[in-house]
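Take a walk through this fold, one element at a time. Keep the sequence beside you as you read.

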Amino acid sequence: MAAVDSFELLYREFARSCNSCVETLAIVGALYTASKAIILLRDCYSLVRVHFFPRLMPNTRLALGRRFGEWAVIYGASETIGKAYAEELARQGICIVLVSQECVSYTANAISETYRVDTMGVVADFSQGHTACKPVKDALRDKDIGFLVNCLDESLGNSPNFTGLSEDQLWNEINRNIAATTLMTNLVLPGMVEKRRGAVVNISSGACYRPSPSKAVLSAFTAYIDNFSRALHHEYGHQGIFVQSLIPFQVAPQGASTGGWLKPQSDVYVRHAVSTLGISHRTTGYWPHTLQFQLLQSLPEWIWVFWSRMLSSSC
């Protein structure tokens, strides 16, 4: 009988201690769930604020020309997104200076005829070094530059493995992307700071967030441009300069038969991206891409690396 009494006493004490643990775990679980719910609500609000409010209420925003300046400089004007960005700004009445290592006179003339704005085409091959800056300086003289758009070379996504790149190819890509973006910003930014207004948009890629096997150069360049932009925002944001890191995923050329919801045509993508000017300093520019980016952030790195290797081996 004493043994039974002892067992019942032990059971009651054990059950009482378990109840305290269960209550503690329930409180911890409720706090964790609440924190995740708050994060989800914050992300949903950010998505709507950046990508939907500006497009639903465009009249609440100042005209881009009055807000930032009358001229836009587009470096990488021969790239898909760069050309589409130039056309969208021209559609909104901004005069355009197209800068590329190739002749873009035909594109400049087409934009001028279509949108009735002044345009210029400047050939500046930064693979030749700092001498490329002179024609750009001459073209920008006495102009109210309100926008600078630097566009990453899209061919980086198709480059071979790192050891497959020659020394000349590496220097060429570094000069055309890292050096060009840095030097173009250095040429344009002082005038913006003097006027205390302007927008710098550096377009890289969503690949900046995770390292991608077989695309080491692309990963490094996009990470540089992304961090360069974010640092400039903190350095010059209080002086009236809006610096944006634009990190899109796949974008199809305008008029291409391929594409879809996650791979919009360049004109569709850029219309969304331009609507985020003055609102978000770091964005994909297109809300389905933002959903992709959020998913990427939640994935462990090893899953991303495995997936990247699978895609590389299937190409």
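Thr 107 sits in helix α5. Helices here are DSSP runs of H or I with at least four residues, strands are runs of E with at least two, and both are numbered from the N terminus. Thr 107 is buried, at a relative accessible area of 17%. Buried means under 20% relative accessible area, exposed means over 50%, and partly exposed lies in between, with a 1.4 Å probe and protein chains only. Beyond its neighbours within four places in sequence, Thr 107 is in contact with Lys 83 and Leu 98. Contact means heavy atoms within 4.5 Å.

A word on the model. It is predicted: local features need pLDDT of at least 70, side-chain atom pairs count only at pLDDT 80 or more, and totals for chains, interfaces and linings use all residues. Residues are numbered from 1 along each chain as its sequence is written, and side-chain values use heavy atoms, with hydrogens and water left out.

Now step back. The protein has eleven helices and seven strands. Of its 315 residues, 41% are buried. Among contacts with a separation of 6 or more, 71% join residues 24 or more positions apart.

Turn to the sheet. It is open, has seven strands and pairs them in parallel, in the order β3-β2-β1-β4-β5-β6-β7. Two strands pair if DSSP finds at least two bridges between them. β3 (119-123) and β7 stand at the edges with a single partner strand each, so one side of each has no neighbour in the sheet. Helix α6 (residues 133-140) packs on the sheet and touches β1, β2, β3 and β4. The direction of α6 makes about 165° with that of β3. Axes are lines fitted to C-alpha atoms, for helices over the stretch in contact, and angles run from 0 to 180 degrees between N-to-C directions.

Five bridges join β1 to β2 in the parallel sense. Trp 71 has Cys 95 in β2 as its bridge partner. Val 73 is partnered with Val 97 in β2. In a regular strand, side chains alternate between the two faces of the sheet. In β1, Trp 71, Val 73 and Tyr 75 point one way, while Ala 72 and Ile 74 point the other. Five of the five residues of β1 are buried.

What lies inside? In soluble globular proteins, nonpolar side chains tend to be buried together. The largest nonpolar core here has 33 residues. Such a core is a set of buried Ala, Val, Leu, Ile, Met, Phe, Trp, Tyr and Cys residues joined through side-chain atoms within 4.5 Å. Residues with the most contacts inside this core include Ile 74, Tyr 85 and Phe 147. Among the elements that give it two or more residues are β1 (71-75), β2 (95-100), β4 (145-151) and α9. Helix α4 gives the largest share, six residues. A second, separate core of 27 residues includes Trp 71, Met 184, Met 192 and Val 243.

Next, a helix pair. Helix α7 (residues 167-195) and helix α8 (residues 216-236) pack at about 10°, with axes 11 Å apart. They are therefore roughly parallel. Angles under 35 degrees count as roughly parallel, over 145 as roughly antiparallel, 65 to 115 as roughly perpendicular, and the rest as oblique. Residues in this contact include Leu 170, Ile 174 and Leu 189 of α7, and Phe 221, Ile 225 and Leu 232 of α8. The contact holds twelve nonpolar residues, four polar and one charged. Here Ala, Val, Leu, Ile, Met, Phe, Trp, Tyr, Cys and Pro count as nonpolar, Asp, Glu, Lys and Arg as charged, and the others, Gly among them, as polar.

Finish in the loops. Arg 116 lies between α5 and β3. Its phi is near 60°, a positive value in a residue other than glycine. Arg 116 is exposed, at 72% relative accessible area. Asp 142 lies in the loop between α6 and β4. The phi of Asp 142 is near 65°, also positive in a residue other than glycine. Asp 142 is exposed, at 78%.

Ile 279 occupies the loop between α9 (266-274) and β7 (282-283). At 22% relative accessibility, Ile 279 counts as partly exposed. Ile 279 and Val 50 are 229 residues apart in sequence, yet 6.4 Å apart in space, C-alpha to C-alpha.
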